[in-house]
Amino acid sequence: MSAGNKGRSTPRVVCCAIPISRAAGKVLVITSRKRPEHWVLPKGGWEPSDGVLEAAASREALEEAGVRGKITRFVTTIPSASSTYHFYELDVAALDQDWLESGERRREWVDYAEAVRRVSWKAELAQGLSLSSLAPRR
């Protein structure tokens with residue numbers, strides 16, 4: 001068992017939202033609670049009460065960033081030693097002014113290149129973002 005998966009024998013299932021403002025072409029990034037100087041995408045563990053993986057991504061976006069909207073696209077699944085990340089695009093309809101973790105996180109709309117730069121300290125997040133529909137097509 002690797003030390004990275006907190007005593008689990010199977011990797012943790014992590015659902016990640018990529019909150020997008022289509023009109024502005026921007027991504028909403030949030031600060032990490034554990035590392036407040038680092039930026040992340042809303043993400044967290046799937047719970048049986050979520051049912052489908054998309055619901056977990058949507059719930060995490062609401063809890064961590066106050067995002068309301070609709071999951072519009074499955075992006076990719078990225079396995080790592082400790083977790084399996086599932087990425088979903090979430091088209092943002094509204095942002096709550098007050099949300100569950102508002103006292104613990106900051107949020108900011110940034111363009112795609114800036115979002116990749118900010119989350120690049122965590123390879124899985126940068127990779128998931130690079131496969132999203134906002135990424136420039138080669």
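Analyst: Buried means under 20% relative accessible area, exposed means over 50%, and partly exposed lies in between (1.4 Å probe, protein chains only). This is a predicted model: local features need pLDDT of at least 70, side-chain atom pairs count only at pLDDT 80 or more, and totals for chains, interfaces and linings use all residues. Residues are numbered from 1 along each chain as its sequence is written, and side-chain values use heavy atoms, with hydrogens and water left out.

The structure holds 15 salt bridges. Each is a side-chain nitrogen of Lys or Arg within 4 Å of a carboxyl oxygen of Asp or Glu.

Start in helix H1 (residues 53–65). Helices (H or I, at least four residues) and strands (E, at least two) are DSSP runs, numbered from the N terminus. Arg-59 pairs with Glu-63, with the closest N and O atoms 3.4 Å apart. They are four residues apart in H1, so about one helical turn separates them. Arg-59 has a relative accessible area of 19%, so Arg-59 is buried. Glu-63, at 22%, is partly exposed.

Salt bridges with shared partners also join Arg-33, Glu-64, Glu-101, Glu-104 and Arg-105 into one network.

Now take Arg-22 and Glu-89. Their closest N and O atoms are 2.5 Å apart. This pair links distant parts of the chain, 67 residues apart. Arg-22 sits in the loop between strands E1 (12–21) and E2 (26–31), and Glu-89 in strand E6 (residues 83–95). Arg-22 is partly exposed at 39% relative accessibility. Glu-89 is buried at 0%.
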